[in-house]
Amino acid sequence: MSDTILEAPATGDQPVVFDNPVDEVTAALKERFTEFVADDTRPGYGGLVVSADKIVEVAEALRDDLGFNYLSSVTGVDLIEEDKMEVVYHAYSIDKGGDAMVLKVQVDRDNPVVPSLTPTYPGADFQEREAWDLLGIRFEGHPDLRRILTWDGFHGHPLRKDWKEPFFEEEAKPFGSRWPAGEVFRAEEKNVYGKNVQYPEGWAPSGAEYEAETDSYAGITYSRESTPGLKTEKVTVNMGPQHPSTHGVFRMALTLDGETIVGLKPVMGYLHRNHEKIGERNTFIQNIPYTDRLDYISSMSNNLGYVLGVEKLMEAEVPERAEWIRILMAELTRISNHLWALGFLLNDMGALQTPMIYYYIERELILDLFEATAGSRMMCNYMRFGGVAYDLPDQVRDQPVMDFLHDLVYDRLPRVLHQGDELVTGNEIVRARGIGYGYLSAEDAIAFSAAGPLLRASGVPYDVRRANPYSYYEHLDFDVAVRYNGDIYDRYLIRIDEMQQSLRILEQVLPHLKATEGASIIGSKPQYALRMPNAGEAYGRVENPKGELGYYMTAKRRSANPERYHVRAPSFINLTALEKMCMGHKVADVVAILGSIDIVLGEVDR
Amino acid sequence: MTTTPNGNGATSEIEVPDELANSVVITSIAKLLDPIYNWSRRNSLWPLGFGLACCAIEMICTAASRFDISRFGMEVFRASPRQADLMIVSGTVTKKMAPIIVRLYNQMAEPRYVLSMGACASGGGPFKEGYNVVDGIDKFLPVDVYVPGCPPTPQALVNGLIAMQEKIDQQSIATAPWYRKSDPGADLLPVPLLGPDLVDVRQLDLIRKEAAAANERIEAEAAAVEASA
């Protein structure tokens with residue numbers, strides 16, 4: 001490995017399994033806010049129901065006094081039967097690890113108003129905007145409560161249970177038209193416009209139609225006040241959604257003073273594919289291929305998070321071999337994602353395409369293994385509730401699979417990491433453009449709910465695999481990679497560190513794979529027409545290559561579909577910190593800073 | 001050698017003596033130039049560097065080391081639509097993005113081609129039922145080649161690009177739409193608008209008609225309520 005800027009303390013001696021601090025904190029909150037908090041008594045549910053006007057105080061107590069300083073997820077739930085709207089918060093303790101402290105606020109469904117937590121936890125910013133956009137929950141005190149995934153002027157709040165999309169067929173799948181012996185029809189034939197559109201009843205275009213641009217610049221000031229001593233004006237520049245360096249259809253509206261950034265508003269939703277609305281109509285198993293398309297570079301890990309969540313709900317057992325295969329796939333996904341991310345980061349920093357092309361040779365090897373195992377290079381659709389779909393193939397690239405894996409783990413991957421390290425890490429341009437740019441302090445990273453490499457490059461050794469272990473990670477020997485400078489260069493280095501740690505994990509996994517050859521790969525019989533045995537909620541989370549990926553879902557007893565299905569997307573929430581990181585830098589650095597966050601738009605917009 | 005201004009039809013009038021039949025080719029300017037134009041176009045098809053979703057990843061893989069799209073003269077991904085010949089619609093077209101894609105297409109200089117990559121761009125794919133998804137880019141743009149798959153493998157994309165080359169081989173400057181002497185601005189496609197939902201301006205009349213019918217129905221219902229009260 002390359003020379004490091006700071007000597008990192010060894011993280012291996014951290015306690016591997018934490019005591020669960022949630023019970024303690026629950027008791028403390030109950031004692032302090034006796035009248036305002038109550039247990040969530042619905043069967044299968046947990047956490048505390050807090051009265052709406054006390055949520056800010058409870059959150060502040062949680063953050064300042066009780067150590068739960070990391071608000072991971074904020075989402076809304078439409079409880080249409082009880083005529084209520086619920087906001088669900090998941091908070092974690094960075095120091096102690098363990099499970100989430102779950103808080104809930106229930107308000108009137110017709111006029112849902114909840115005090116905003118954005119002043120307390122800045123990381124709630126985009127998530128509250130999303131809940132306003134999709135569910136119509138108004139967050140009082142939010143600095144900039146605009147629609148985020150749809151556009152201003154969109155009709156209705158689509159995730160409400162009584163909102164129906166233009167191609168609506170039935171409330172839940174499987175649709176009668178397709179199963180068991182129905183006739184498939186084309187939805188556009190039933191739509192009067194022949195397209196996937198609908199308008200509010202009686203709406204006619206006035207002629208002064210809405211222009212897509214105007215909304216994006218709202219909240220950005222265009223100022224004619226000049227810099228002292230210079231005749232300059234601030235100017236607002238649009239970047240994206242069609243821009244070669246925004247990694248997809250991401251858009252930023254930048255306010256510039258000369259070339260210096262004085263304001264940045266991310267604009268997203270250009271790839272909003274209604275994952276959650278479709279997911280709530282789908283049966284449980286139908287959602288697995290959709291999770292592939294969230295963070296489409298690391299589909300295996302997405303699968304894993306989702307099946308972990310559902311397994312929590314249905315209490316499934318996973319056989320040993322399936323667990324080892326899952327870890328193998330998750331770690332190979334991490335490597336393939338980081339190879340991709342580094343290729344693009346270097347591309348953004350000026351090493352146009354060359355490192356990328358070098359890295360992708362080895363990435364193709366990993367994709368070949370995925371294709372041989374799951375049938376698809378990218379959209380693997382591989383994990384199942386209680387196991388995996390298929391065993392490892394006999395051969396990959398005309399080589400027995402264990403030999404192939406051995407070559408990959410001991411030869412090809414270490415070689416490409418070493419080669420990349422040698423060529424790039426010490427490079428003058430990479431250092432000049434990386435060191436000191438896009439700084440994010442540890443406090444800010446926690447406050448903005450940053451996750452994954454972004455959080456750890458700022459010196460916070462928080463990794464779900466260690467803090468709240470799932471699968472067999474607690475039995476594996478690896479270190480949580482952490483860097484302390486919080487700039488682009490550290491975010492580059494930490495990805496190399498993480499790949500080294502993944503290789504270390506893979507080296508431990510291979511003997512187990514060999515030993516369990518031929519063993520069962522799925523717990524009971526495969527659950528195709530799964531009906532949830534018990535009602536309840538579950539939050540499954542994994543350490544995805546981009547950060548903590550969480551699935552929040554609720555289900556009724558004997559239901560075949562999730563009642564509420566929400567994805568805590570790391571790329572989306574990591575973007576909250578983008579403005580903070582870019583302020584004061586030049587416009588050309590934005591590209592590199594964005595590259596160092598490593599976003600995937602499928603996950604940002606869902 | 002004889003050439004005729006009208007191309008194919010008139011050539012048969014010219015009689016070629018038998019002894020010259022092997023040495024004389026009777027052709028037209030268009031027939032002579034078409035292969036040259038088409039040869040140069042098919043082998044330097046510059047795609048617009050424009051990724052929408054998952055398919056873009058496979059598009060990049062096609063351009064990268066293993067599949068190496070530069071074998072076909074297509075490795076020059078252009079960031080500006082003004083310099084691009086081919087738009088690869090690589091991924092789900094959302095309603096929020098649709099106006100921008102149409103605008104990009106309008107900005108491309110002719111000759112321009114559209115390749116719809118993957119299930120989403122071709123017909124909505126797995127996300128078709130979503131409220132923010134356009135069920136196929138061909139609702140707004142003329143598509144030349146569809147590539148199936150979710151996402152299509154690089155091999156499939158290369159196959160689609162070869163199909164595009166074959167299509168270009170069939171072109172003739174005599175019939176290519178961009179050599180018509182009409183106003184070039186007239187060929188710009190109408191950019192959809194974002195209202196309460198995506199508004200296709202070609203359907204404005206239909207939308208107004210539906211709205212009028214709905215209003216009538218609402219009034220009739222209100223009148224009925226009033227009458228009963």
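This is a predicted model: local features need pLDDT of at least 70, side-chain atom pairs count only at pLDDT 80 or more; totals for chains, interfaces and linings use all residues.
## How chain A and chain B meet

Arg66(B) and Asp368(A) are joined by a salt bridge between their side chains, at 3.2 Å from N to O.

On the side of chain A that touches chain B, helix 10 of chain A gives the most, with seven residues. The elements that give two or more residues to that side are helix 4 (187-190), helix 5 (212-217), helix 6 (275-281), helix 9 (320-348) and helix 10 (354-374) of chain A.

Here are the totals for the two chains together:

| Between chain A and chain B | Value |
|---|---|
| Residues in contact | 67 of chain A with 58 of chain B |
| Buried area | about 5,800 Å² |
| Share of buried area on carbon and sulfur atoms | 62% |

Trp151(A), Lys195(A) and Gln242(A) supply 13% of the area that chain A buries against chain B, more than any other three residues.

Now for a spot on the surface of chain B. Which residues form a nonpolar patch there? They are Val16(B), Leu20(B) and Val24(B), with about 190 Å² of accessible area together. Of these, Leu20(B) sits in the loop that runs between helix 1 (8-11) and helix 2 (29-42) of chain B. Leu20(B) has a relative accessible area of 39%, so this residue counts as partly exposed.

Methods:
Residues are numbered from 1 along each chain as its sequence is written. Chains are lettered from A and ligands numbered from 1 in the order in which they are written. Side-chain values use heavy atoms; hydrogens and water are left out. Patches are made of residues with over 30% relative accessible area and no salt bridge: like charges are joined within 9 Å, nonpolar side chains (Val, Leu, Ile, Met, Phe, Trp, Tyr) within 5 Å. Accessible areas come from the Shrake-Rupley method with a 1.4 Å probe; for residues, only the protein chains shown count as cover. A salt bridge is a side-chain nitrogen of Lys or Arg within 4 Å of a carboxyl oxygen of Asp or Glu. Helices (H or I, at least four residues) and strands (E, at least two) are DSSP runs, numbered from the N terminus. Buried means under 20% relative accessible area, exposed over 50%, partly exposed in between (1.4 Å probe, protein chains only). Contact means heavy atoms within 4.5 Å. Buried area is the accessible area (1.4 Å probe) that two parts lose on being put together, summed over both.
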